[in-house]
Amino acid sequence: MEAVTEISSSKMFGGYNKRYKHFSPTLGCSMTFHVYFPPSVQSTTKFPVLYWLSGLSCSDENFIIKSGAQRAAALEGIALVAPDTSPRGLNVEGEADSWDFGVGAGFYLNATQEKWKNWRMYDYVVKELPNVLNEIFPQLDVSCASISGHSMGGHGALTIYLKNLDKFKSVSAFAPIVNPVNCGWGQKAFSNYLGSNKSEWEEYDATYLVVKGKNFSVPILIDQGMDDKFLHDQLLPHKFEEACKSVNAPIQLRMQPGYDHSYFFIASFIDDHIRHHAQALKASKI
């Protein structure tokens, strides 16, 4: 196991936000991630984990600094884990030419095109990071985990959940890119990372994955701002809702009047999402 170094620590609601750095063999570079450890009464307490995947141009810091999720996480006794959104520091030609592709825009997939071979955020989130957490932090119960995210990270949370129902107890998302095959952000990313084979694209599209007919015990919770400027051309939540209904997959799509795509929106409803996951995580322990 590569060394994990603590970069910073800040107390909040009785717990601690801690930022770490480690070398990722999966991505071939150093990566940072945040963990919020809720307050603990006993040293033997093991906390369930909620992974948060952030959106385009974000890092591991946005959610921890802006969402206010720690208040509810402290009350519910849930650890928050926020990884970065892509490899960094590889200096691949063109990686920083646009804000919606490359650095800060890993799309939580495993790239198949040689140039972008290090963009393997799917394996990093599903395999490597949980293993690192399990080995380094005995107070985290990574076998009891849920996943959430925003925009590109909402896409990541939904697709990772739908492909790994054995690993995650519940999923939620804010303004997720639910049908990337049919929007500009997804088409740009997928054509570069995955090439021209559209069937490979569908493996990272929640609207295609949900109709594969698995049994979902916990409703999928999605909040979407109705004043989100990306709603109609990039996010397409009703496409996903229709797909869910076609296979009787339980979904709670909440269209929120007046809200946009920002962290002000996320902060307004994050407590609901924390409670949604807390209920599923606790039920799995019974």
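1. The second largest pocket is lined by Y161, L165, F168, K169, N215, F216, S217, V218, A280, A283 and S284, and about 160 Å³ of space lies in this pocket. A pocket here is an open set of points, on a 1 Å grid over the protein atoms alone, where a 1.4 Å probe fits and protein lies on both sides within 12 Å along at least five of seven lines, and a lining residue has an atom within 4 Å of a point. A volume is the space filled by probe spheres set on the points, with grid points joined across faces, edges and corners. Helix α10 (residues 263-285) gives the largest share of the lining, three residues. By class, the lining of the second largest pocket divides into seven nonpolar residues, three polar and one charged, where Ala, Val, Leu, Ile, Met, Phe, Trp, Tyr, Cys and Pro count as nonpolar, Asp, Glu, Lys and Arg as charged, and the others, Gly among them, as polar.

2. On the basis of these values, the model is a predicted one, in which local features need pLDDT of at least 70 and side-chain atom pairs count only at pLDDT 80 or more, while totals for chains, interfaces and linings use all residues. Residues are numbered from 1 along each chain as its sequence is written, and side-chain values use heavy atoms, with hydrogens and water left out.

3. The largest pocket has a volume of about 220 Å³. Its lining is made up of 14 residues, and L56, S57, C58, H150 and H261 are those that lie nearest the centre. Six of the lining residues of the largest pocket are nonpolar, seven are polar and one is charged.

4. Helix α4 (residues 152-163) has twelve residues and reaches 17 Å from its first C-alpha to its last, close to the 16 Å expected at 1.5 Å a residue; the expected span is 1.5 Å times one less than the number of residues. Helices (H or I, at least four residues) and strands (E, at least two) are DSSP runs, numbered from the N terminus. Because eleven of its twelve residues are buried, α4 is largely enclosed by the rest of the structure. Buried means under 20% relative accessible area, exposed over 50%, and partly exposed in between, with a 1.4 Å probe and protein chains only. The buried residues of α4 are M152, G153, G154, H155, G156, A157, L158, T159, I160, Y161 and L162, and Y161 also belongs to the lining of the second largest pocket.

5. Two residues deserve a look at the backbone. F107 has a phi near 60°, a positive value in a residue other than glycine, and Y108 likewise has a positive phi, near 55°, in a residue other than glycine. F107 is found in the loop between β5 (79-83) and α3 (121-136), and Y108 is found in the loop between β5 and α3 as well. F107 counts as buried because its relative accessibility is 0%, and Y108 is buried with a relative accessible area of 0%.

6. V81 is placed in strand β5 and, at 1% relative accessibility, counts as buried. Not counting residues up to four places away in sequence, V81 touches H34, V35, V49, L50, Y51, W52, L129 and L133, where contact means heavy atoms within 4.5 Å. V81 and K163 are 82 residues apart in sequence, and their C-alpha atoms are 20 Å apart in space.

7. L27 lies in the loop between β2 (15-24) and β3 (29-37), and its relative accessibility of 0% makes it count as buried. Beyond residues up to four places away in sequence, L27 touches P87, L90, N118, R120, M121 and Y124. Its C-alpha atom is separated by 21 Å from that of W201, which is 174 residues apart from L27 along the chain.

8. Q224 has its place in strand β8 (residues 220-225) and counts as buried, at 0% relative accessibility. The side chains of Q224 and D228 are joined by a polar contact of 3.2 Å, a polar contact being a pair of N or O atoms within 3.5 Å; within protein, one must be able to donate a hydrogen and the other to accept it, and residues adjacent in sequence count only if both atoms are side-chain atoms. Leaving aside neighbours within four places in sequence, the contacts of Q224 include A175, P176, L231, L253 and F265.

9. E6 lies in strand β1 (residues 4-12) and counts as partly exposed, at 42% relative accessibility. Apart from its neighbours within four places in sequence, E6 is in contact with K18, R19 and Y20.
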